[in-house]
2 protein chains.
Amino acid sequence: MIFTTVKINAQQMDHQVMPLPKEVVAGPGEFIINSKLKPRIEGSERLIKAVDRFYNVLSKKTGIFYNLRDWSDDDSANFEIIAEEKAPVELGIDESYSLKITNDKIQIKAKTDIGAMYALQTLLQLTESNEKGYFFKSVEIFDAPRFPWRGLMLDVSRHFMPVAAVKRQLDLMHTMKMNVFHWHLSDDQGWRIESDSFPLLTEKASDGKFYTKEQIHEIVKYADDLGIRVIPEFDVPGHATAILTAYPKLASENNANYTIERHAGIFDPTLDPTKEKTYNFIHILFNEMALLFPDKYFHIGGDENEGKHWDRDPEIIAFKEKKGFDNHELQAWFNSRLNKSLVDAGKIMMGWDEILHKDLIDSNPVIHSWRGEDGIIKSIDNDLRVIRSHGFYIDLMQSTSYHYFMDPVPQSLIDNEKAKKLIFGGEATMWSELVDQNSVDSRIWPRSAAIAEVFWSERNKLDGENLFQRLDKISSHLELNGSEHISNRHKIIRRYTENQQDFSDLLYFNDLMAPYRFYHRNPKGTLYSMLSPLNQWADACIADPVESRKFSNAVKNYIANQNPEDLQKLENHFKKWAELEDLINSLIQKSPQLDSLRQVSQSFKIAGEEGLKLLDFLSGKIILSDAEMISMSERIHGLKFKGGELVLKHFPS
Amino acid sequence: MIFTTVKINAQQMDHQVMPLPKEVVAGPGEFIINSKLKPRIEGSERLIKAVDRFYNVLSKKTGIFYNLRDWSDDDSANFEIIAEEKAPVELGIDESYSLKITNDKIQIKAKTDIGAMYALQTLLQLTESNEKGYFFKSVEIFDAPRFPWRGLMLDVSRHFMPVAAVKRQLDLMHTMKMNVFHWHLSDDQGWRIESDSFPLLTEKASDGKFYTKEQIHEIVKYADDLGIRVIPEFDVPGHATAILTAYPKLASENNANYTIERHAGIFDPTLDPTKEKTYNFIHILFNEMALLFPDKYFHIGGDENEGKHWDRDPEIIAFKEKKGFDNHELQAWFNSRLNKSLVDAGKIMMGWDEILHKDLIDSNPVIHSWRGEDGIIKSIDNDLRVIRSHGFYIDLMQSTSYHYFMDPVPQSLIDNEKAKKLIFGGEATMWSELVDQNSVDSRIWPRSAAIAEVFWSERNKLDGENLFQRLDKISSHLELNGSEHISNRHKIIRRYTENQQDFSDLLYFNDLMAPYRFYHRNPKGTLYSMLSPLNQWADACIADPVESRKFSNAVKNYIANQNPEDLQKLENHFKKWAELEDLINSLIQKSPQLDSLRQVSQSFKIAGEEGLKLLDFLSGKIILSDAEMISMSERIHGLKFKGGELVLKHFPS
């Protein structure tokens, strides 16, 4: 036994892997990576493809050339990859693996090929280097997920995401061991999938932006190769403007004549739950759609139906009276009718919080909880299965820390045995009101890597203290795996400088600010339409801007330790701040859009100048009277750090 | 008449448009761009989509929000776009347009919708800004292309390019008014298109990387919307390893057993031109492929068939003897047989230089000349139509200046009337031995913008002096239109710094060097395989590195004018050079791949230090003896500026 028996924690493994593995035992020495890394594989075709990808990424990372499948089938291999069986891509399969690295051998063992694939991902993240070259440190890892449902939801209705953008997210999800792609395919702003039964859905309600069936097959197959389940969502009875644009006769309003929505919000068009033709339509449509998606779970949306038209149409009112239904009961009745079609199609119904109703409990739906913990608690009370997205709404541009301290299991249920069984996991939700194919990566990544860790790693393993440091590292890894989250930001910044070679000053400025959080950027959903450009300054800003964090850390550290190094850092920041106004003024001629940053840059200038003065005071170079200190404080607190849909992340203290 | 009657040249229009328009007359004043820009359109659905795209790009550029098709149908419109007819997307259509901008109106007129679409592209490039906002200067432009065939060839066999990468090139081509996409779909390294008749082509010879027919339709339709013709190429009888991997019985060698090539080079596997089964195969295959591509022209390759197997197989030798053929005559006979299938399919044969043979002249093929001007001259002598690619091989990483001074018409034919009629234009050729989907943009763009100008603009309009300045500008425009040519380079550079926010120093270093030109990077085609990583330092280097050009210009300017400003520039360069070694040393721990740059960085350090000394001497700060001068010169000339598959672009003089 060459391994030390001391289990080391994540810190000691240099935070190499994300999500954090279950058990990590460091060994002595290291395995040198060179062109002689030769595998022997026992496993499925899917695993073989994964090994191809592994070599491709390793090669890109190290610059080492490998020949195609120059592999071994005997014990001479120094890289064993053994999976006992090919897993079906479905909920609850064994995803565990073990990975052992010694000086002369790497061994991956897993029950399933998907477990082995995760081991390959872990191994890639373990790549280290020194001046002489690349290596893996000796280690023994045993790993398995905490939750079986680790999802990302992507809204392709508000802004359509082409095949390449979807595949990219699948690649990145797999890198972070996420295994559910929830595809929000219809909403008020568009229907995004070819239907033979109802061709008007794409003809009238997609702007020509939709997936053909071949493309759906292509993506489902692609996801299967990555061990990712694909769950489609078709939102009914609300969020149905696109459906009702194509088939207005199904509307709760008589003589409806809709066009797809161009703005964000909650809209009134709603399917008529009292007419048989509605159920015929859904039966045929859902059965057609069900054939495209092998997964058992099928998401019917069900959220935000305010029922305004249900309160207005005489026939619906009469129907409700006859049945003794309120709107929620009517929707439960509607859902239970839908469920028959889903059962016919061999599917399990899943829907947002709002579908939870006592009348639907017999249908045993999966509740996708988004509004708060109440929905989860109620679901558990009713023995219903739950997926949590509340706390994982990445479109709201909250800090990664916020998401990281959320848990699929509410605190009050942490010891509840039913909850342990029924809460399957969670999903990060990427709603696309203010996101398009060119900005989506910087909205999903690297933040969702932290969420992936919440879904995969044991709660007591989580390490919030070094989260951002680890995210910085994973950021490079994600980019190597195809993410555009850095490039897309830089494109925007560069544009304002007319592609100067060195745009680091402007990038620095951008990296001090975050875009408005929650829905403040698009008040009432009407400022932006779905055609508004999403390549503007605010689109380059991220939820956790790096430089403002560095500044804030330097302040905290200085206050704690009075370290002169931190003073030096602060001085560098203040100096840069003092120059921001001139920077903006110099660019504004060619980029008049930067006008919205003028006031902010002026504020930074003053804050920078005052900051420098303060540093001189702290280092004893100058003396400030109390009156001068008060006046400085007033000047700083009077500054405005808002503008251009942005807000300063860390206000200088 | 508000326009001045003085025609101004390109310089006076600030080099705004690329390719340079035919006639430009500046007017007084300007048209302010705001959300009230409202068009009235007379034209095809294709033109309407182009206007949608126009607003999308304008909106991204200016940040102004527009509503969807918030257009006018009466004279209140301030933006008239009128096309008389919808053009078929075929050779020789009218592509001219006129564009008139006054203070209160923009008018586009064209015979065809495609002409009007080009006017929209010109208009986008005319967007200017000052501190107050965006505007178009008043101008009247009449424009039409010099050549009707302005192509880009993309090799998707050596490295497969997914649909998204192809569409991106089509978008960018249209931006530069290029109108032919030549798609090199088969070669020794892979067959890239689904065939129902011969499914083994993709099953055995594509690594699973090929276009489905639906994808071909999708791309052809996409190209049609951009006025771009799509010409497929299926290379026969040589470059046929992929075909013969799938169907070895068609090989000129008995008992052939091939696998697709993983390296670059000229390979021996060749179709057997003496067997009827070969012609049956081609007849069926080409007719199947012909249906996918509406264009009349069909490229059969025909290059680099060295006929080694034709000299070795007894039956082929006997056949040649019987017919009295040498290998070239045999190939001409083969081609004339092929031509029957193409005529059946309604196609016109096109092939590389080598198909030119007196026995094939009756078939009236189009000669795609690549080896030199001889092929063009001979083709004209024989009344054959010609496309030129010699001089436009962008894979060779030559300077854009080199390509810019090439002309589709050889100097010796410049007044030849037949040549004027028969030379249709040219194609830039992007062979992909050392290019993949992630590097291809920086190999094609912005260099091909200069080639597009050669194909579009009148010879006497060309402006080589300000070429690079104009390319810098067009570079931003291309990026706004979706190009990845900058991002892809930066990704590589950033990786070596572990995604530091500021990577400008390393980028500066990269921008001093060019990758090896011609085929020197991959000697004999064997160093790289098709699986080798193409995200390395040399892949970030471009043919015309910006900083080395700036340095070189500063040297030239200083020698010419002794301007102290240039001395300052040189000093900045030298200072940076002196720091490059430390920079590389500081990064090498994490990026041991940079080791190959050590020697170069040392050389730069010495050159920088000596340079600074020289500047001190020039400014009179120090005195250097003759001996010291000689020793300095020797030190500089002894330095090595090669390494890591790179060569310094402009040797410091």
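**Entry 1: the model**

I am working with a predicted model.

**Entry 2: extent of the contact**

I began with the residues that touch. Chain A brings 61 residues to the contact, and chain B brings 61 residues as well. I then looked up the buried area, which is about 4700 Å² between chain A and chain B. Carbon and sulfur atoms give 46% of that area. Which residues of chain A lose the most area to chain B? I found A:Phe65, A:Glu131 and A:Gln501. Together they make up 14% of what the chain A side buries.

I looked up the salt bridges next. There are six between chain A and chain B. I noted one with its distance: A:Arg598 forms a salt bridge with B:Glu131. The closest N and O atoms of that pair are 3.1 Å apart. For polar contacts between chain A and chain B, the count is 32 residue pairs, with both residues at pLDDT 80 or more.

**Entry 3: what chain A presents**

I listed the elements of chain A that each supply at least two residues to the side touching chain B. Among them are the helices α1 (45–62), α5 (213–225) and α19 (546–561). Strands β6 (128–130) and β7 (133–143) are also on the list. The largest share, six residues, comes from α16(A). I also sorted this side of chain A by class: 17 nonpolar, 25 polar and 19 charged residues.

**Entry 4: aromatic pairs**

I turned to the rings. The whole structure holds 71 aromatic pairs over all chains. I picked A:Phe31 and A:Phe136, a tilted pair. Their centres are 6.4 Å apart, with 35 degrees between the planes. A:Phe31 lies in strand β1 (residues 23–32) of chain A and A:Phe136 in strand β7 of chain A, so this pair ties together parts 105 residues apart in sequence. Are A:Phe31 and A:Phe136 buried or exposed? Both are buried.

B:Trp577 is in helix α20 (residues 564–588) of chain B, and B:Phe604 is in helix α21 (residues 598–618) of chain B. The two are 27 residues apart, and their pair links distant parts of the chain. B:Trp577 and B:Phe604 are both buried.

**Entry 5: a cluster in chain A**

Last, I looked up an aromatic cluster. A:Tyr496, A:Phe509, A:Trp537, A:Phe551, A:Phe574, A:Trp577 and A:Phe604 form one cluster.

Terms used: Residues are numbered from 1 along each chain as its sequence is written. Chains are lettered from A and ligands numbered from 1 in the order in which they are written. This is a predicted model: local features need pLDDT of at least 70, side-chain atom pairs count only at pLDDT 80 or more; totals for chains, interfaces and linings use all residues. Side-chain values use heavy atoms; hydrogens and water are left out. Contact means heavy atoms within 4.5 Å. Buried area is the accessible area (1.4 Å probe) that two parts lose on being put together, summed over both. A salt bridge is a side-chain nitrogen of Lys or Arg within 4 Å of a carboxyl oxygen of Asp or Glu. A polar contact is a pair of N or O atoms within 3.5 Å; within protein, one must be able to donate a hydrogen and the other to accept it, and residues adjacent in sequence count only if both atoms are side-chain atoms. Helices (H or I, at least four residues) and strands (E, at least two) are DSSP runs, numbered from the N terminus. Ala, Val, Leu, Ile, Met, Phe, Trp, Tyr, Cys and Pro count as nonpolar, Asp, Glu, Lys and Arg as charged, and the others, Gly among them, as polar. Rings of Phe, Tyr and Trp (its six-membered ring) pair if their centres lie within 6.5 Å; planes under 30 degrees apart count as stacked, over 60 as edge-to-face and the rest as tilted. Buried means under 20% relative accessible area, exposed over 50%, partly exposed in between (1.4 Å probe, protein chains only).
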